[in-house]
Amino acid sequence: MKEAVYIGANPSTEPDLEELVGLVALGDEKAFASVYDIVAGPVLGVVRAVLRDRAQSEEVTQEVLVEVWRTAPRFRADRGTAMNWILTLGHRRAVDRVRSVEASAARDHKAALLARTPEFDEVTEQVEARLEREQVRRCLRTLTELQSQAVTLAYYRGLTYREVAEALALPLGTVKTRLRDGLIRLRDCLGVTA
């Protein structure tokens, strides 16, 4: 009968990873060094598969191993193996890094777009205002004389309906009707949708 050949240390003399994580939870630095030696390579592999960048992968791997040191008391062997727990921490941390980098790039892109937004163009605003005024004047010319007078007094001189009625020596109801009709015609002429 052949004797079993072990590569590396004899499994019966070394504690398994779950036991080592239990010792790390108690603050055992030597146990953490063993955990580090066992899992650093696999964690780096998982993280590198997500990040694709060696420097960031090494950085995230270090963060994961620090997290293992801090959160070892949370490990529950009844929920899975220590290796799976640690690799899950690594994968989550790598995905978080990708999301963080993407969010940062999106913020930078948005900031760059805002930086390229043209400043207030006073000349354009003046030209647009002048064109709008001319269009209003043209549309005012399409009103009847009474509508035009009522609209001018109410909206350009700031008179109330009652004051417009007194200024034109007309009943208040007639002024309100003329204003309503005049405003409807202006709206239609200007192409404003209600």
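## Starting at arginine 97

Arginine 97 sits in helix 4; helices here are DSSP runs of H or I with at least four residues, strands are E runs of at least two, and both are numbered from the N terminus. With a relative accessible area of 16%, arginine 97 is buried, where buried means under 20% relative accessible area, exposed means over 50%, and partly exposed lies in between (1.4 Å probe, protein chains only). Setting aside residues up to four places away in sequence, arginine 97 touches Leu51, Gln56, Glu59, Val60 and Glu63; contact means heavy atoms within 4.5 Å.

A word on what you're looking at: this is a predicted model, in which local features need pLDDT of at least 70 and side-chain atom pairs count only at pLDDT 80 or more, while totals for chains, interfaces and linings use all residues. Residues are numbered from 1 along each chain as its sequence is written, and side-chain values use heavy atoms, with hydrogens and water left out.

## The overall layout

The protein has eight helices and zero strands. Walk along the sequence and you get the pattern α-α-α-α-α-α-α-α. Of the 194 residues in the protein, 23% are buried. If you take the contacts with a separation of 6 or more, 58% of them join residues 24 or more positions apart.

## Helix 1 and its two partners

Two packed helices are described by the angle between their axes and the distance between the axes. The axes are lines fitted to C-alpha atoms, for helices over the stretch in contact, and the angles run from 0 to 180 degrees between N-to-C directions. Helix 1 (residues 17–25) packs on helix 2 (residues 29–51) at about 135°, and their axes are 8 Å apart. Helix 1 and helix 2 are therefore oblique to each other; under 35 degrees counts as roughly parallel, over 145 as roughly antiparallel, 65 to 115 as roughly perpendicular, and the rest as oblique. The crossing of helix 1 and helix 2 is left-handed, meaning that the near helix is turned anticlockwise from the far one by less than a right angle (clockwise would be right-handed). On the helix 1 side, Leu17, Leu20, Val21, Leu23 and Val24 meet Ala31, Phe32, Ser34, Val35, Ile38 and Val39 of helix 2. That contact of helix 1 with helix 2 has ten nonpolar, one polar and no charged residues. For these classes, Ala, Val, Leu, Ile, Met, Phe, Trp, Tyr, Cys and Pro count as nonpolar, Asp, Glu, Lys and Arg as charged, and the others, Gly among them, as polar.

Helix 1 also crosses helix 4, at roughly 65°, with the axes coming within 8 Å. Leu17, Glu18 and Val21 of helix 1 make this contact with Ala82, Met83, Trp85 and Ile86 of helix 4. Six of the residues in the contact of helix 1 with helix 4 are nonpolar, none is polar and one is charged.

## Two nonpolar cores

A nonpolar core is a set of buried Ala, Val, Leu, Ile, Met, Phe, Trp, Tyr and Cys residues joined through side-chain atoms within 4.5 Å. The largest one has 23 residues, and Val21, Val35, Val39, Val68, Trp85 and Ile86 touch the most other members.

Tryptophan 85 is worth a click in your viewer. Ignoring neighbours within four places in sequence, tryptophan 85 is in contact with Val21, Val68, Thr71, Ala72 and Phe75. A second, separate core has twelve residues, including Cys139, Ala150, Leu153 and Val175.

## Helix 7 meets helix 8

Helix 7 (residues 161–168) and helix 8 (residues 172–190) pack at about 105°, with 9 Å between their axes. That makes helix 7 roughly perpendicular to helix 8. Tyr161, Arg162, Val164 and Ala165 of helix 7 make the contact with Leu172, Val175, Lys176 and Leu179 of helix 8. By class, the contact of helix 7 with helix 8 has six nonpolar, no polar and two charged residues.

Threonine 174 is in helix 8 and is partly exposed, at 24% relative accessible area. The C-alpha atoms of threonine 174 and leucine 146 are 9.9 Å apart, with 28 residues separating the two along the chain.

## Two loop residues with positive phi

Arginine 52 has a positive phi of about 65° although it is not a glycine. You'll find arginine 52 in the loop between helix 2 and helix 3, exposed, with a relative accessible area of 67%.

Alanine 169, also not a glycine, has a positive phi near 55°. Alanine 169 lies in the loop between helix 7 and helix 8 and counts as exposed at 67% relative accessibility.
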